[in-house]
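Biologist: Could you take me through this model step by step, starting with the whole chain and ending with single residues?

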Amino acid sequence: MNKLLRDRLTRTESFTSLDLHFADFMQKLDGRKDDASLFLAAACVSSMNRHGHICLELSQFAGRKVSEGADFFYPDLGTWRDVLQKSPAVGRPGEFKPLIFDGNSKLYLHRYSVYQTRLASFIKSRPAASDPVMVSDLKQHLNLLFDGNPSEGEIDWQKIACLLSVINGFTVISGGPGTGKTTTIVKIISLFLAMNPEKNPKIALAVPTGKAAARLQDAIREARDSLPCAEEIKSKIPSAASTIHRLLGSISGSPHFRHHENNRLDVDMVIIDESSMVDLALLSKLTMALPDHARLILVGDKDQLASVEAGSAFGDICDTCRINSFSEPVSRMIFDATGMEMEMEDDFESNPETQIRDCMVQLVKSYRFGETSGIRKISRAINAGNDTLAVEYLEERKYPDIRWQKVPGQRHLQAELKHSVIKEFHDYLSAENPSDALMMFGQFQILCALREGPYGVHAVNRLIEEILVSSGRIRKTDSLWYHGRPVMITRNDYRLNLFNGDVGIAWQDPKDFELRVFFPDEANGFRTIHPSRIGEHETVYAMTVHKSQGSEFDNILLLLPDRESPVLTRELVYTAITRARKQVMIWGDASVLHAAIQKRVERISGLKDILHYGLSPYPSSHKQQTNMSEQLPEKTHPQQTDFK
């Protein structure tokens with residue numbers, strides 16, 4: 001391979017040394033030293049995966065210059081396909097090769113091809129539950145849970161979601177803030193218990209982070225108390241939620257879990273909240289650990305930020321087809337059980353693959369924000385990509401729940417922050433006990449789009465500490481720890497039962513005046529841990545929008561940088577705004593906000609094509625296996641050695 005090409009790639013920002021070393025290895029396996037086609041493909045697929053994509057779409061690179069000012073070009077699409085199909089380092093789906101080519105234009109790292117194929121196979125195999133459902137019983141129990149009558153022509157999508165969750169083996173429920181997702185979860189569980197009174201079904205609630213688990217537990221308990229059902233049913237509704245990693249059984253130092261396809265979970269129903277945060281690999285591993293009869297229900301907001309790790313599985317599934325339209329058999333069952341008439345698509349019978357939409361429902365009614373709410377209006381405008389309308393809502397200054405201010409320059413940022421910081425953090429710092437401090441701290445949050453730079457969380461947290469020290473609100477010494485310091489855990493610690501995203505506050509223990517870190521606790525209200533035992537963490541007066549997922553606050557201040565950034569996207573702005581229950585203050589520049597709303601996160605995968613168009617993940621020469629574990633050599637299970 002031309003050394004000049006490799007040197008050129010080394011100097012670009014698109015490729016790391018890991019990408020290039022992996023490409024070198026693939027080139028050696030290929031054996032053709034004079035042809036750089038495979039080297040370029042391997043470097044690109046490694047880079048794309050690192051940036052959150054599941055695969056490399058060859059057509060996006062074919063024929064283009066490798067870098068600006070370079071004389072090197074990527075191969076044309078036809079040549080590239082031919083090289084990949086002939087390379088011994090590249091296989092077809094189902095083969096055990098480090099790179100997998102779909103025969104068309106998508107190239108995968110082996111393990112991501114397996115993850116995607118397994119997830120798609122699971123979804124396509126579970127359109128209906130294994131146990132039959134009596135419509136008369138379903139109607140009776142639904143009427144008990146939903147005693148109100150919607151207006152004529154109005155569809156109660158929560159009711160439809162409950163029905164689908166019982167009749168399907170796989171269900172997806174998406175909804176924006178305040179659409180009643182948690183209420184729907186509680187009613188699904190109640191309905192499932194009522195429909196199976198003698199089986200005493202086992203139901204698991206799981207979320208991506210420990211912080212989201214704590215919030216879900218609180219919301220479940222609150223919704224359960226007001227549920228219109230028998231006390232016997234209420235007593236069986238689980239309030240405990242765990243992280244998905246804990247549910248599957250993490251193995252220290254390993255990407256694998258104790259529960260897998262050969263040691264499945266003992267559950268009848270699994271409900272995953274905040275599903276947009278779940279990456280493809282984790283979701284695939286979860287589906288493989290489910291028993292054949294178990295129902296899986298994914299709940300989330302498809303318009304939020306995707307997972308930090310590779311893939312956008314929840315968004316891909318939701319974008320497969322038009323939601324809230326159903327096949328004729330399911331529409332008839334909905335009518336028989338609820339009296340509500342559903343919209344049907346013309347292509348349902350002609351294209352059976354699109355019947356996946358029988359498993360999906362979108363909650364559309366907001367119970368938190370009225371039609372005149374600024375948060376509701378601007379979030380809708382952002383989702384629609386209407387940046388002009390979104391900025392108009394802010395600049396009109398007619399909505400009390402959304403406020404807009406031009407972001408101050410770097411030199412003036414601390415001075416502008418001072419008023420808000422002292423006002424909003426006063427109550428929690430003046431609290432008489434750590435329990436009240438924890439509750440009050442959750443009422444306001446500063447969200448940053450970036451981690452680094454003058455408008456990133458690290459710099460902003462330092463500015464806030466300086467403000468609080470100079471105003472006498474905190475007394476900070478040379479020690480890292482001080483009374484009132486809020487911290488966020490950044491890495492799971494199963495010994496201490498602390499998880500990535502958990503927030504606590506350092507506080508003098510009223511019992512002995514020793515400084516300890518107080519974290520919310522389901523049983524006792526809070527629990528204490530000595531600061532010396534706390535692992536990886538960071539100060540969290542301000543947090544990134546990514547870290548705020550799974551949380552809600554009464555009021556937020558969204559701090560955007562003074563210039564455009566690749567991180568600023570429609571999904572990030574929408575996620576930030578919808579963390580607020582009452583009010584949003586946005587500091588930004590109008591041109592930066594316009595650009596962010598126009599920019600969507602696009603993560604490349606083949607999941608949508610497989611689910612919607614029925615494209616088989618296997619070439620015609622390979623027979624699809626029913627048991628996906630047969631796709632890999634026995635030595636790779638369960639402690640398989642993945643390529644890359």
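Biologist: What radius of gyration does the protein chain have, and what would a compact globule of 644 residues have?

Modeller: In this predicted model, the C-alpha atoms fill a box of roughly 70 × 70 × 50 Å along the principal axes. A compact globule with 644 residues would have a radius of gyration near 26 Å, and the chain agrees with that, because its own value is 26 Å.

Biologist: What percentage of the residues in the protein chain is buried?

Modeller: The accessible surface comes to about 28,400 Å², of which 47% belongs to carbon and sulfur atoms. Among contacts with a separation of 6 or more, residues 24 or more positions apart account for 72%. Taking buried to mean under 20% relative accessible area, the buried part of the 644 residues is 57%.

Biologist: Which strands stand at the edges of the open sheet of six strands?

Modeller: The order in this open sheet is S7-S6-S8-S9-S5-S10, and the pairing is parallel. Two of the strands have a single partner strand each, so one side of each is left without a neighbour in the sheet, and these are strand S7 (242-243) and strand S10 (360-363).

Biologist: Which helix lies across S6 and S7, and at what angle does it run to S6?

Modeller: Strand S6 (residues 203-207) pairs with S7 in the parallel sense over two bridges, with Val207 standing opposite Thr243 in S7. The element that lies across both strands is helix H9 (residues 210-225), and its angle to S6 is about 130°.

Biologist: In the open sheet of four strands, which strands are at the edges?

Modeller: Here the pairing is mixed and the order is S1-S4-S3-S2. S2 pairs with strand S3 (residues 99-101) in the parallel sense over two bridges, and Gly91 stands opposite Ile100 in S3. Having a single partner strand each, so that one side of each lacks a neighbour in the sheet, the edge strands are S1 (55-57) and S2 (90-91).

Biologist: Which residue of S20 is the bridge partner of Arg403?

Modeller: Strand S11 (residues 402-406) pairs with strand S20 (residues 580-588) in the parallel sense over five bridges, while strand S19 (residues 553-559) pairs with S20 in the parallel sense over six bridges. Leu557 stands opposite Met585 in S20, and the bridge partner of Arg403 in S20 is likewise Met585.

Biologist: Against which elements do the buried residues of H15 pack?

Modeller: Helix H15 (residues 374-383) is mostly covered, with seven of its ten residues buried, and these are Gly374, Ile375, Arg376, Ile378, Ser379, Ala381 and Ile382. The elements they pack against are helix H16 (387-396), S11, helix H21 (570-577), S20 and helix H22 (590-598).

Biologist: Is Leu305 buried or exposed?

Modeller: Leu305 is placed in the loop between strand S9 (295-300) and helix H13 (313-318). Beyond its neighbours within four places in sequence, Leu305 is in contact with residues including Ser276, Val545, His546, Gln549 and Leu572, and its C-alpha is 8.1 Å from that of Val601, a residue 296 positions away in sequence. Because its relative accessibility is 4%, Leu305 counts as buried.

Biologist: What is phi of Glu274 near, and what is its relative accessible area?

Modeller: Most residues other than glycine have a negative phi. Asn200, in the loop between helix H8 (181-195) and S6, has a positive phi near 50°. Glu274 lies in the loop between strand S8 (269-272) and helix H12 (280-288), and its phi, also positive, is near 55°. Glu274 is buried, and its relative accessible area is 8%.

Methods
Residues are numbered from 1 along each chain as its sequence is written. This is a predicted model: local features need pLDDT of at least 70, side-chain atom pairs count only at pLDDT 80 or more; totals for chains, interfaces and linings use all residues. Side-chain values use heavy atoms; hydrogens and water are left out. Two strands pair if DSSP finds at least two bridges between them. Contact means heavy atoms within 4.5 Å. Axes are lines fitted to C-alpha atoms, for helices over the stretch in contact, and angles run from 0 to 180 degrees between N-to-C directions. Buried means under 20% relative accessible area, exposed over 50%, partly exposed in between (1.4 Å probe, protein chains only). The radius of gyration is taken over C-alpha atoms; the globule rule is 2.2 Å times the number of residues to the power 0.38. Accessible areas come from the Shrake-Rupley method with a 1.4 Å probe; for residues, only the protein chains shown count as cover.
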